[in-house]
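Thanks for coming. I have one model to walk through this morning, so please look at the screen.

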Amino acid sequence: MSWTRGVPGALALCVLLSAAAAGCGTGEAHGRREPGPSAPAGTLLGDTDESGRHYREVARKQAPEVDTVVTPDAAGGWDVRLDVHGFRFSRAGAAPRAVAGQGLAYLFVDGGLVTRLRGPAYHLPAGLVPHGTHHVTARLYADDGTVWAVRGRPVESTADVTASGAETAPAAPTASRTP
């Protein structure tokens, strides 16, 4: 065999191998596509929340919604349930980008941040809601840290909770939702 016959064959083999490697890198060789870069969701506004996080404006029809429901539990604390619509909680470690209708909720009591939620339920210890009336607010954020907003207002919901001191006393929480 002469070297002239081996070079074209070797070149053809290299081309085939590089094409096969490129196909395998996309996941298409196994019948699935990896998600590509998505267009940014909403429009970034100059307005910010109390901690300096920018609002991400979305149309009312595409906006996520949240309702905050707070009920006393038998052990003396408070159970918080977030009813979300048009929204999906993202997993821990999600890429820091805004994906329409996805992210996490920040939970505030009287304006102070209590926790960041990656799911719809949380237990508030009794000490965070002492005797008196308090405001429990859930606000929706994108994974990039921006606040979902409609018409320049954050997508959030507040439940007014009155703690009477009796740990298991029934409460009649009210909820208000924005937008």
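Arg56 and Asp144 form a salt bridge, with their closest N and O atoms 2.6 Å apart; a salt bridge here is a side-chain nitrogen of Lys or Arg within 4 Å of a carboxyl oxygen of Asp or Glu. Arg56 sits in strand 2 and Asp144 in the loop between strand 9 and strand 10, so this pair ties together parts 88 residues apart in sequence. Helices (H or I, at least four residues) and strands (E, at least two) are DSSP runs, numbered from the N terminus.

Before going on, some bookkeeping. This is a predicted model, in which local features need pLDDT of at least 70 and side-chain atom pairs count only at pLDDT 80 or more, while totals for chains, interfaces and linings use all residues. Residues are numbered from 1 along each chain as its sequence is written, and side-chain values use heavy atoms, with hydrogens and water left out.

Back to the pair. Is Arg56 buried or exposed? Arg56 counts as buried, at 7% relative accessibility, and Asp144 is partly exposed, with a relative accessible area of 28%. The cut-offs are under 20% relative accessible area for buried, over 50% for exposed, and partly exposed in between, with a 1.4 Å probe and protein chains only.

Thr146 is in the loop between strand 9 and strand 10 and counts as buried, at 8% relative accessibility. Its side chain makes a polar contact with the side chain of Arg56 at 3.0 Å, and another with the side chain of Asp144 at 2.6 Å. A polar contact is a pair of N or O atoms within 3.5 Å; within protein, one must be able to donate a hydrogen and the other to accept it, and residues adjacent in sequence count only if both atoms are side-chain atoms. Leaving aside residues up to four places away in sequence, Thr146 touches Leu44, His54, Arg56 and Tyr141, where contact means heavy atoms within 4.5 Å.

Now the other salt bridges. How many does a search of the whole structure find? The search finds six. In one of them, the side chains of Arg139 and Asp49 meet at 3.6 Å, N to O. Arg139 is in strand 9, residues 132–141, and Asp49 is in the loop between strand 1 (43–48) and strand 2 (54–57), 90 residues apart. Both Arg139 and Asp49 are buried.

Arg139 also forms a salt bridge with Glu50, the closest N and O atoms being 3.0 Å apart. Glu50 is in the loop between strand 1 and strand 2, 89 residues from Arg139. Glu50 is exposed, with a relative accessible area of 65%, whereas the figure for the buried Arg139 is 6%. Salt bridges that share partners join Asp49, Glu50, Arg139 and Glu156 into one network.

Next, Asp73, a charged residue without such a partner. Asp73 lies in the loop between strand 3 (65–72) and strand 4 (78–85). Asp73 is buried yet has no salt bridge, and the nearest side chain of opposite charge, Arg81, is 13 Å away. For that search Lys and Arg count as positive and Asp and Glu as negative; His and the chain ends are not counted. What does the side chain of Asp73 make a polar contact with? The partner is the side chain of His123, at 3.1 Å. A polar atom of the Asp73 side chain also lies 2.6 Å from the backbone nitrogen of Gly77.

Two backbone points. Most residues other than glycine have a negative phi. Asp110 has a positive phi of about 50°, and is found in the loop between strand 6 (102–109) and strand 7 (112–117). Arg151 has a positive phi of about 55°, and its place is the loop between strand 10 (147–150) and strand 11 (153–154). Asp110 is partly exposed at 42%; Arg151 counts as exposed at 67%.

For the chain overall, there are one helix and 13 strands. Buried residues make up 34% of the 179 residues.

Last, confidence. pLDDT is the predictor's confidence in each residue, from 0 to 100. The chain averages 80, and 69% of the residues score at least 70. Where pLDDT is low, the predicted coordinates should not be read in detail.
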